[in-house]
Amino acid sequence: MASGGEAVKTPGQEQARGTEASDAAARIPPGEEWKPFTDADVERVIAEEKNVSSEDGWRRMNRSEFTEVWRKSEAEKPVHLIRGSLNFPGIPPKAVVEMINDLEVRKNWDTLFSEIDVIEKHPTYRVVYWRSRMPLAIADRDLVQYIGHRYDESTNTTYLLYRNAVHPDVPEKRGLVRAETIFSAVIIRPDAQDVNSTRMSIFFQHDFKGWIPHLLVNAFAARAPGQWRDTLHNYYVNVYSKQVARQREKATGHEKEEAEPEGVGQEEGTDQQEEGTDRQEEGTDQQEEGTDRQEEGTDQ
């Protein structure tokens, strides 16, 4: 039993959860790499973002100046699908993508996770291990995910896709409960009114397993987008933007240092040119003096 009275899955149960991915990999023709994400995954995310109404099963949970949260119940799914619409005035999309997708940067601000480790890197996706902090008396959760990245240049939109994964290098651990990703994605694009501001749609549906009541899980999930948005925003204002500013100042100073020798060389060339002119004038004076002496000798 794990701490908090929650059971740890056996290796056999863990292996069974990876059957779907293994079967999919087995169907890939020889010489081709298995990919956990397809165009259909992106199309589903776009559809979920577009169809936000009560007719589509969505119910609005809360709304603030920069955040709007919706939930949707799905048949045979233990927890709600959560959608957050987040606004980041004055924060460019490129910065938001880096703060979320660059996991070394994310470790600096996403306090929900005590561990974030990249297990594998592939051209189109990564395998990542996460350990999530839980409240007192509840065992911490961990999960393994495939993370994919898609970019639509025509709309300047970034899609981050997440899918549950099983990996032999990160088996389930005693004292932790292995959570499962049912559906998760992030859409990042410029604000329609300001290209230097960002609009984000975030979707997540995680089964935390164990003995936590689903009612409590759903309540926690509904608060998560707003808290996540505020934490990311504060990190940008207090840390990230200042680091970028220092890097720009350093780069600008370096450019000035490289340009300075050229200016010095021009000044030296000007000095040499003036010195040559002085010598030429001196030679002219000497020539005139010799002419005067010659004329004086003629007169004598």
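Two strands pair if DSSP finds at least two bridges between them. Helices (H or I, at least four residues) and strands (E, at least two) are DSSP runs, numbered from the N terminus. The model is predicted: local features need pLDDT of at least 70 and side-chain atom pairs count only at pLDDT 80 or more, while totals for chains, interfaces and linings use all residues. Residues are numbered from 1 along each chain as its sequence is written, and side-chain values use heavy atoms, with hydrogens and water left out.

Strand β10 (residues 194-207) has two partners to follow here. Strand β9 (residues 180-191) runs antiparallel to β10 and is joined to it by eleven bridges. The two form a hairpin, with two residues between them. Strand β3 (residues 81-88) is also antiparallel to β10, through seven bridges. Ten of the 14 residues of β10 are buried, where buried means under 20% relative accessible area, exposed over 50% and partly exposed in between (1.4 Å probe, protein chains only).

Helix α4 (residues 93-101) is mostly covered too, with seven of its nine residues buried. These are P93, A95, V96, V97, M99, I100 and N101.

T157 is found in strand β7 (residues 157-164). T157 counts as buried because its relative accessibility is 1%. Its side chain and that of T155 are joined by a polar contact of 2.9 Å; such a contact is a pair of N or O atoms within 3.5 Å, and within protein one must be able to donate a hydrogen and the other to accept it, with residues adjacent in sequence counting only if both atoms are side-chain atoms. Beyond its neighbours within four places in sequence, T157 is in contact (heavy atoms within 4.5 Å) with R150, Y151, D152, I187, I188 and R189.

Next come the aromatic rings. Rings of Phe, Tyr and Trp (its six-membered ring) pair if their centres lie within 6.5 Å; planes under 30 degrees apart count as stacked, over 60 as edge-to-face and the rest as tilted. The count comes to nine aromatic pairs. Y125 and Y146 have ring centres 5.8 Å apart and planes at 80 degrees, so the pair is edge-to-face. Because Y125 lies in strand β5 (residues 125-132) and Y146 in strand β6 (residues 141-152), the pair ties together parts that are 21 residues apart in sequence.
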